[in-house]
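Please study the structure shown below and then work through the exercises. Each task is followed by a solution in steps.

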Amino acid sequence: MIFEKLTKIMAEQLGVQQQDISMETLLRDDLAVDSLDLYNLGMVLEEEFNIELPQDEINDIETVEDIVKMLKEQGVEE
């Protein structure tokens, strides 16, 4: 499942607990993610899922659900 794989990656990259991440988690407010964190996360996701994410869309991400939607739009399967 995309969400489970995503939360594992996010926990490793951002130094947070996987169980603290939900679809409604706000990246900036709840996880203190900044633009550099988002860029790095985007790079890891591109490599992990073998996709290319539009950089302008990465900057607009607010929630974990936004990331899941973006991954699905890029053809990542559940």
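**Exercise 1: The negative patch**

α2 (27-31) and α4 (55-59) each supply at least two residues of the negative patch; helices are DSSP runs (H or I) of at least four residues, numbered from the N terminus. The model is predicted, so local features need pLDDT of at least 70 and side-chain atom pairs count only at pLDDT 80 or more, while totals for chains, interfaces and linings use all residues. Residues are numbered from 1 along each chain as its sequence is written, and side-chain values use heavy atoms, with hydrogens and water left out.

Task: State which residues form the negative surface patch.

Solution. Step 1: Recall that a charged patch joins like charges within 9 Å, using residues with over 30% relative accessible area and no salt bridge (a side-chain nitrogen of Lys or Arg within 4 Å of a carboxyl oxygen of Asp or Glu). Step 2: The members are D29, D30, D56, E57, D60, E62 and E73. Step 3: Of these, E73 belongs to helix α5 (residues 64-73).

**Exercise 2: Distances**

Task: Find what lies 2.7 Å from the backbone nitrogen of S22.

Solution. Step 1: T25 is located in the loop between α1 (2-14) and α2. Step 2: A polar atom of the T25 side chain lies at that distance, 2.7 Å, from the S22 backbone nitrogen.

Definitions and conventions. Patch = residues over 30% accessible without salt bridge, like charges linked within 9 Å, V, L, I, M, F, W, Y side chains within 5 Å. Areas by Shrake-Rupley, 256 points an atom, 1.4 Å probe, with all protein chains shown as cover. Lys, Arg positive; Asp, Glu negative; His and termini not counted. Charge placed at Lys NZ, Arg CZ, Asp CG, Glu CD. Polar contact = N/O pair within 3.5 Å; in protein donor to acceptor, adjacent residues only side chain to side chain.
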